[in-house]
Amino acid sequence: MSGAILVLSGPSGAGKSTIIDSASNRIGEYYFSISTTTREPREGEVHGVDYYFVSKEEFEEDIKAGQFLEYATVHSNYYGTSLKPVKEALEMGKLVIFDIDVQGHRLVRAKMGDLVTSAFITPPSLKELERRLYGRSTDKSYIIEQRIENAKEEIKAIGEFDFVIINDIIDRASLEFATIANASRLKLSKQELENLVVQWENGLS
Ligand code: ADP
Ligand code: 5GP
């Protein structure tokens, strides 16, 4: 059995990290894909836990070496998903969770096709997104403004996703996310379906 991929996208400040944290004890074993980025670490962020923080030069070396499953420029920085750990986790049959932007979602879906389930997370309104970004107080105001402008573009991609989670009440959003994550484990690839039919016909299982 191969694993499954769950892509979580949505504006910065939508609550993606909060939801993954609060749902983590309800979704069994999973592998969270730690991205590589050229953005500066925020206070409290740890290299190798939140992100792999690298220079622009190091990131571009990795691009040349073909190490990324996908990468994109988001808010003027590079962000990318390394292929190797994702492949290993999938081979072990694990659910792999990505927190990536809408461009990354398109690329992962194009490459990984039927292994992918996706959910777009958003606060109930743009106003509430602004409140959360300022409330988080992790970014300077010009960076927050850039993220708000970007959010107005990202929301236009909402129809490309399998599911939408409105993160209004955190407990409800977290439960919805856990339901989607657990269902995504049950999705079979075309190859797995073909194998199942052969086994079913031959009475091998
Ligand atoms: P993201 O990972 O999508 O950038 P975060 O998880 O960091 O977003 O959440 C952004 C801010 O919003 C944080 O300060 C978080 O505590 C807060 N937050 C998340 N979900 C909710 C919610 N349902 N109601 C109110 N505040 C929330
Ligand atoms: P932040 O700087 O707030 O941590 O993340 C900014 C945006 O980059 C978020 O929308 C997040 O989902 C996205 N992001 C994080 N890692 C990756 C990645 O590996 N690839 C892509 N395409 N986007 C990412």
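In this predicted model, a nitrogen atom of ligand 2 is 2.7 Å from an N or O atom in the side chain of Glu70. A pair like this is called a polar contact, meaning two N or O atoms within 3.5 Å; within protein, one must be able to donate a hydrogen and the other to accept it, and residues adjacent in sequence count only if both atoms are side-chain atoms. The protein covers 96% of the 510 Å² of accessible area that ligand 2 has on its own. Such areas come from the Shrake-Rupley method with a 1.4 Å probe, and for residues only the protein chains shown count as cover.

Residues are numbered from 1 along each chain as its sequence is written, while chains are lettered from A and ligands numbered from 1 in the order in which they are written. Since this is a predicted model, local features need pLDDT of at least 70 and side-chain atom pairs count only at pLDDT 80 or more, whereas totals for chains, interfaces and linings use all residues; side-chain values use heavy atoms, with hydrogens and water left out.

## Around ligand 2

Let's stay with ligand 2 for a moment. There are 19 residues around ligand 2, and Ser35, Arg39, Tyr51, Tyr79 and Arg147 come nearest. A residue counts as near a molecule or strand if one of its heavy atoms lies within 4 Å of it. Two elements give two or more residues to this shell: strand E5 (68-74) and strand E6 (77-82). Helices (H or I, at least four residues) and strands (E, at least two) are DSSP runs, numbered from the N terminus.

The space taken by ligand 2 is the largest pocket. On a 1 Å grid over the protein atoms alone, a pocket is an open set of points with protein on both sides within 12 Å along at least five of seven lines, a cavity is a set of points where a 1.4 Å probe fits but cannot get out, and lining residues have an atom within 4 Å of a point. A molecule sits in a cavity or pocket if more than half of its atoms lie within 2 Å of its grid points.

## Around ligand 1

Which pocket holds ligand 1? Ligand 1, too, sits in the largest pocket. Its shell has 13 residues, the closest being Gly13, Lys16, Ser17, Thr18 and Asn167. Helix H1 (16-23) and helix H5 (126-136) each supply at least two residues of that shell, and H1 gives the most, with three residues.

| Protein atom | Ligand atom | Distance |
|---|---|---|
| Arg42, polar side-chain atom | ligand 2, oxygen | 2.9 Å |
| Tyr51, polar side-chain atom | ligand 2, oxygen | 2.5 Å |
| Lys16, backbone N or O atom | ligand 1, oxygen | 2.8 Å |
| Thr18, polar side-chain atom | ligand 1, oxygen | 2.5 Å |
| Asp168, backbone N or O atom | ligand 1, nitrogen | 3.0 Å |

Taken alone, ligand 1 exposes 570 Å², and the protein buries 74% of that.

## Between E5 and E6

Now look at the loop between E5 and E6, where you will find His75 and Ser76. Phi of His75 is near 50 degrees, a positive value in a residue other than glycine. For Ser76, phi is near 70 degrees, again a positive value in a residue other than glycine. The cut-offs are under 20% relative accessible area for buried and over 50% for exposed, with partly exposed in between (1.4 Å probe, protein chains only).

Thr36 lies in strand E3 (residues 36-37) and is buried, because its relative accessibility is 4%. Leaving aside neighbours within four places in sequence, Thr36 is in contact (heavy atoms within 4.5 Å) with several residues, including Tyr52, Phe59, Phe68 and Tyr79.

Ser174 belongs to helix H7 (residues 170-185) and is buried, with a relative accessible area of 0%. Not counting residues up to four places away in sequence, Ser174 touches Ile19, Ser22, Ala23 and Arg26. The C-alpha atoms of Ser174 and His75 are separated by 26 Å, and these residues are 99 residues apart along the chain.

Finally, Ile166 is found in strand E9 (residues 163-166). Ile166 is partly exposed, because its relative accessible area is 42%. Its contacts beyond four places in sequence are Thr122, Pro123, Pro124, Ala173 and Glu176. Ile166 and Thr18 are 148 residues apart along the chain, with their C-alpha atoms separated by 13 Å.
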